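Please read it alongside the sequence and the coordinates.

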Amino acid sequence: MGTSLEQPIEQAARLISQAKLLVVSSGAGISKESGIPTFRDALTGLWAKYNPEELATRRGFRRNPDLVWSWYMMRRDMLAEARPNPGHYAVAELERLLPRVVVLTQNIDGLHIQAGSSDVVELHGSIRRFKCFDNCRGDPTPVDLETLDYSRETAPRCPHCGTGYVRPDVVWFGEMLPAGAVERAFNLAALCDVMLVVGTSGTVQPAASLPVEAKQGGARVIEVNPEPGMITPYADIFLQGPSGEVLPRVVAALRAILGGSMLPDP
Ligand code: BV8
């Protein structure tokens with residue numbers, strides 16, 4: 001990834017430097033350089049024969065709770081060694097350089113929070129939280145795995161009701177996103193001056209509509225992705241490259257611009 005990006009990175013940093021509200025909308029791609037396969041990659045090897053839209057559904061879980069449980073245990077184990085990468089840290093750094101930054105993530109890995117971002121909307125929940133499939137004590141009925149004696153192969157029963165299975169507190173296909181999260185996400189998208197869209201194929205709704213909402217609200221959209229995709233047509237600036245390399249360069253350019261503006265007027 002060379003100097004050809006220099007100019008668009010400078011342009012992007014200039015746009016971001018004037019943002020009163022910057023919204024960062026991220027997908028699985030920002031965690032790829034932390035060693036976490038993107039959602040569709042997550043099905044390589046052992047899982048290749050399954051379709052994510054089957055495993056990550058209530059029906060899939062009801063049909064084979066142990067299979068879906070094992071899939072999440074495998075993904076959670078991958079997280080044990082995963083650390084935020086320079087892309088996550090660059091997003092956290094933006095918060096320290098700008099008046100207001102909110103992160104809307106489709107990721108369930110918690111790495112934005114670990115990197116220090118303080119205002120993160122987890123649109124699709126978190127693999128670090130678990131709950132009763134039947135929400136026996138209200139929605140959600142949290143279950144603390146540490147209090148359970150469970151295996152990676154067998155979906156445990158809820159310790160409160162004893163009948164419902166324990167499931168990850170993530171949003172499955174066909175499930176509504178957490179009400180507050182969707183509302184807040186779309187309000188912020190409509191209000192922001194700049195939306196930075198990082199590492200998403202833009203295939204899953206309603207998250208994929210956030211950049212459209214931002215555009216309609218008059219925002220400028222910057223996309224960071226090694227490949228053009230469904231979002232790119234909405235992007236004012238497309239920074240083609242891995243976010244772990246591109247985002248730190250955007251932050252460096254932003255620092256130079258802000259640093260310059262903080263110098264006393266000549
Ligand atoms: C909903 C949590 C209302 C679980 C996820 C029929 C019936 C029911 C629903 C639907 C239907 N048809 C359509 C829908 C809506 C459905 C949907 O959008 N389906 C798609 C497949 C068409 N959406 C839903 O069901 C949502 N709920 O609509 O409720 C409703 C209710 C009932 C009935 C109708 C409507 C719920 C969606 C949430 C699903 N849960 N995750 C889990 O993770 O196990 S989705 C999951 O997949 C992720 O969270 C993420 O959202 C998505 C994957 O997308 P990406 O993050 O973009 O990742 P992807 O792998 O696709 O792309 C990676 C990108 O990174 C690529 O662009 C690549 O180029 C880039 N990249 C690679 N390397 C790098 C990089 N970028 C930067 N740097 C790098 N180094």
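**Pockets, cavity and sheets**

Strand E4 gives the most to the lining of the second largest pocket, with 4 residues, where strands (E, at least two residues) and helices (H or I, at least four) are DSSP runs numbered from the N terminus. The model is a predicted one, in which local features need pLDDT of at least 70 and side-chain atom pairs count only at pLDDT 80 or more, while totals for chains, interfaces and linings use all residues. Residues are numbered from 1 along each chain as its sequence is written, and side-chain values use heavy atoms, with hydrogens and water left out.

**Second largest pocket**

- About 320 Å³ of space lies in the second largest pocket, a pocket being an open set of points on a 1 Å grid over the protein atoms alone, with protein on both sides within 12 Å along at least five of seven lines.
- A volume here is the space filled by probe spheres set on the points, with grid points joined across faces, edges and corners.
- Of the 19 residues that line the second largest pocket, Lys131, Asp139, Asp169, Met176 and Pro178 are the closest to its centre, and lining residues are those with an atom within 4 Å of a point.
- Strand E4 (125–132) and strand E6 (166–170) are the elements that give two or more residues to this lining.
- The lining of the second largest pocket divides into 9 nonpolar, 2 polar and 8 charged residues, with Ala, Val, Leu, Ile, Met, Phe, Trp, Tyr, Cys and Pro counted as nonpolar, Asp, Glu, Lys and Arg as charged, and the others, Gly among them, as polar.

**The sheet with E4 and E6**

- An open sheet of 3 strands runs in the order E5-E4-E6 with antiparallel pairing, and two strands pair if DSSP finds at least two bridges between them.
- Strand E5 (142–143) and E6 stand at the edges, each with a single partner strand, so one side of each is left without a neighbour in the sheet.
- E4 and E6 pair in the antiparallel sense over 5 bridges, and Phe130 has Pro168 in E6 as its bridge partner.
- Helix H4 packs on this sheet, touching E4 and E6, and its direction makes about 140 degrees with that of E4; contact means heavy atoms within 4.5 Å, and axes are lines fitted to C-alpha atoms, for helices over the stretch in contact, with angles from 0 to 180 degrees between N-to-C directions.

**Largest pocket**

- The largest pocket holds about 970 Å³ of space, and of its 48 lining residues Gly27, Ala28, Thr38, Phe39 and Asn107 lie nearest its centre.
- Helix H4 (65–81) and strand E8 (220–225) are the elements that give two or more residues to the lining of the largest pocket, and H4 has the largest share, with 4 residues.
- By class, this lining has 22 nonpolar, 18 polar and 8 charged residues.

- A search of the whole structure finds 1 cavity of 30 Å³ or more, a cavity being a set of points where a 1.4 Å probe fits but cannot get out.
- The largest cavity has a volume of about 40 Å³, and its lining includes Thr105, Asn107 and Val120.
- Helix H6 gives the most to the lining of the largest cavity, with 3 residues.
- In strand E2 (residues 101–105), 5 of its 5 residues are buried, which is to say under 20% relative accessible area with a 1.4 Å probe and protein chains only.
- Strand E1 (residues 22–26) and E2 pair in the parallel sense over 5 bridges, with Ser26 opposite Thr105 in E2.

Terms used:
Buried means under 20% relative accessible area, exposed over 50%, partly exposed in between (1.4 Å probe, protein chains only).
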